[in-house]
Amino acid sequence: MTMVGKLLSRTLNVFGERRRSFSSSSGLYGFPHLKTPKGFESFVDEAIQRSAELIAYISTAPPAADIMRTMDEISDTVCCVVDSAELCRHTHPNREFLQEANKASFRINEYLHYLNTNHDLYNAVKKAEQECHMLSEEAQRGVRNLRADFERGGIHLSPEKLHRVNSLNVEISQLSRQYNENIVMDPGNVDIYPSSRIPKSLHYLVKPIYRSGSSIVTGSNTVLKEKGYQITTDPQTVAAILQHSSDDEVRKMVYIQGNSVPHANVEVLRRLISARHEIAQMMGCKSYAEFAVKPNMATTPDVVRSFLLEMSKMVQAKSKEEFELLTKFKRETFGRSDGNLRAWDEAYYMTMMKSSTYKLDNSVVASYFSLSNCIEGLKVLVQSLFGATFHNIPLEPGESWDPQVLKLSLHHPEEGDLGYLYLDLYSRKGKYPGCAHFAIKGGRKISQTEYQLPVVALVCNFPRSRSPSAVRLNHWEVETLFHEFGHALHSLLSRTDYQHFSGTRVVLDFAEIPSNLFEYYAWDYRVLKRFARHYSTGEEIPRKLVESMKGAKDMFATTDLQRQIFYALVDQTLFGEQPLPYGDTSSVVAELKRQHTCWEHVEGTHWEARFSHLLNYGAGYYSYLYAKCFAATIWKKLCQEDPLSLTTGFALRTKFLQHGGARDPASLLNDLVGDGIYRHCNGGIIPDISSLSDEMKLVEEYQQQVHLL
């Protein structure tokens, strides 16, 4: 065996040992290093040391296949630390663990910068790309992606330009952190007097205050201060007040304040847009949107804009109908013919109208969706679709971060364990808000006989209880659970040679397709009747109740879709072609709202000041709508007839989920449902929107628009 062969063999052997220790030793997430918070330090140290050994091996100019495999191990070694620190930072209740995870995150990200600007690695990848004909299809794709990733970091630029790109990236990181901190530090508030204006049902959202300037003198000369309530205008509270407060003026004040803070973020966002635009231009792009969209299926901002404008035309007529219907409802409710619909009326009157039409009681709906029933629903899905089962696995000492965390193995009777899933379902102080899927370890082929199984966590914030049977979910929470479970399945069923492509490691406008697809399962009666049972009687959920739920969901679905189109257009426009420095973002938002929605822009507000998707998905927010269209077509053509059949599951797994990002996403979609799921446009692809149009009863309007194109 040559020295190169020995080094590669050592790489594989060491990795095999790590895999075995991961599955058998205790420590947070199963990593032996993480038995204590200080273990994060040695976790980073060893990752850096191991990566240095692998870099030294790559510098010996091994064959292309060895370069790709070794690069993937470097990535896997570092990603284990990055992903573990990320999950810990967002979910661990222990302050010391949080602090050490933050330190580890900072150190490993610094090291990632070193790797991304390492010319030895870049040159090795370019060498491997020249020998691509000797590699498998997945390895070829991997090598090309790695080279493109290096160049997106600016490694091919002159030292002066690279230094400027690095400085701008640091500035963007700081601005992003400042933007998020401003949202937390300056949520805004509104004082409401008298206290009677806030109904008891909303008292949990507010705190009592007293106004000394409006004292009341009683008959006994006792002076009483007038009581009121202060509303903190964070997004969750604003949403609840706008939906449930009957007081028009209260809603107005809360809407305006909630959409006007934090004012400092208007300037932060302007500077962030400017910095991203400068980076894009240094990379040879006309805009940051061009830079961001280039790796995706859409390929160019022109394709994205064509898609969004087509969507906007599709919903225009029905959105106007829904707006007029809501206006009529408000006028009839008030008994006035001149009651115009204002921005702060939308959520309130939609809720009222749905309630009066479908007579839905949220507590009745929730009585069929205990958390234990919903977990059973996830088990029904994997059993029916994939012939697999979830088994509870006892957690090793130190492996869990909360006593109520569950660990499941996804097991197939013929293939054995397919992957591992942690469920962290209950809310607690300081935990990540909402629902999310976190990767811990990606799947990858270690040798001809060994495969590193994927490990993921599904994190939610349901009400805390000793028993999951006592927790009852609103249906939107069930839908969110199924959405995130779609991401988890993408990871768990992935069988790629390289972790670089494992599961959700795909292009941005492909990533949300599985999650959007599995939302359909949360609405289908044939699925729901398999697990949704009354918590006390065991009665199966009635078909009529599900039909009412779907009716209420569909009632203003076009308006909801139009809002998402508007958000995506704002995102594309702010990061599109522009002179530097960028001007008034609020005027852009106002103009797009006038053009693409039925709703007025309220002067003085700047909603974009806390729309954090502009940071996380800059020029990529369209991907949600993009995925929604693909998911609608997949559901209609593949799943709708028999959503729980093994035939359906076999197609989803073998033609779609198991490939992760290892194959061209457009080819995967075409193989899954056949021609017509997308069309080519200016070098990119646009999803077919007819299935979504049909589903939302927009067919006639859509056909008219297509005829005019």
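Helices (H or I, at least four residues) and strands (E, at least two) are DSSP runs, numbered from the N terminus. By that rule, the protein shown above has 28 helices and 12 strands. The model is a predicted one, in which local features need pLDDT of at least 70 and side-chain atom pairs count only at pLDDT 80 or more, whereas totals for chains, interfaces and linings use all residues. Residues are numbered from 1 along each chain as its sequence is written, and side-chain values use heavy atoms, with hydrogens and water left out.

The confidence of the prediction comes first. The pLDDT, which is the predictor's confidence in each residue from 0 to 100, averages 92 in the protein, and 93% of the residues score at least 70. Over residues 1–24 the pLDDT is below 50, and this stretch has 45 contacts in the model beyond near neighbours in sequence; a contact means heavy atoms within 4.5 Å. Residues 701–709 also have a pLDDT below 50, with 14 contacts beyond near neighbours in sequence. Where pLDDT is low, the predicted coordinates should not be read in detail.

The overall form can now be considered. The radius of gyration is taken over C-alpha atoms, and the globule rule is 2.2 Å times the number of residues to the power 0.38. For 709 residues, a compact globule would have a radius of gyration near 27 Å, and the protein agrees because its value is 27 Å. Along the principal axes, the C-alpha trace spans about 100 × 65 × 65 Å. Among contacts between residues at least 6 apart in sequence, 73% join residues at least 24 apart.

A residue is called buried under 20% relative accessible area, exposed over 50%, and partly exposed in between (1.4 Å probe, protein chains only). Of the 709 residues, 54% count as buried. Helix 18 (residues 513–521) is mostly covered, with 9 of its 9 residues buried; among them are Pro 514, Phe 518 and Tyr 521.

Thr 585 lies in helix 22 (residues 585–596) and counts as buried because its relative accessibility is 2%. Leaving aside neighbours within four places in sequence, Thr 585 is in contact with Val 266, Leu 269, Ile 273, Leu 574 and Glu 608. From Ser 26, Thr 585 is 559 residues away in sequence and 51 Å away in space, C-alpha to C-alpha. Arg 653 belongs to helix 25 (residues 646–655). Its relative accessible area is 9%, so Arg 653 is buried. The contacts of Arg 653, apart from neighbours within four places in sequence, include Phe 386, His 412 and Glu 415.

A cis peptide bond joins Tyr 193 and Pro 194, with omega about -10 degrees, and Pro 194 lies in the loop between strand 1 (189–192) and strand 2 (206–217). The peptide bond from Val 261 to Pro 262 is cis as well, with omega near -15 degrees; Pro 262 is found in the loop between helix 9 (248–258) and helix 10 (264–282).

Tyr 29 is not a glycine, although its phi is positive at about 60 degrees. Tyr 29 is placed in the loop between helix 1 (3–24) and helix 2 (39–58), and counts as buried because its relative accessibility is 0%. Ala 61, also a residue other than glycine, has a positive phi near 60 degrees and lies in the loop between helix 2 and helix 3 (64–91).
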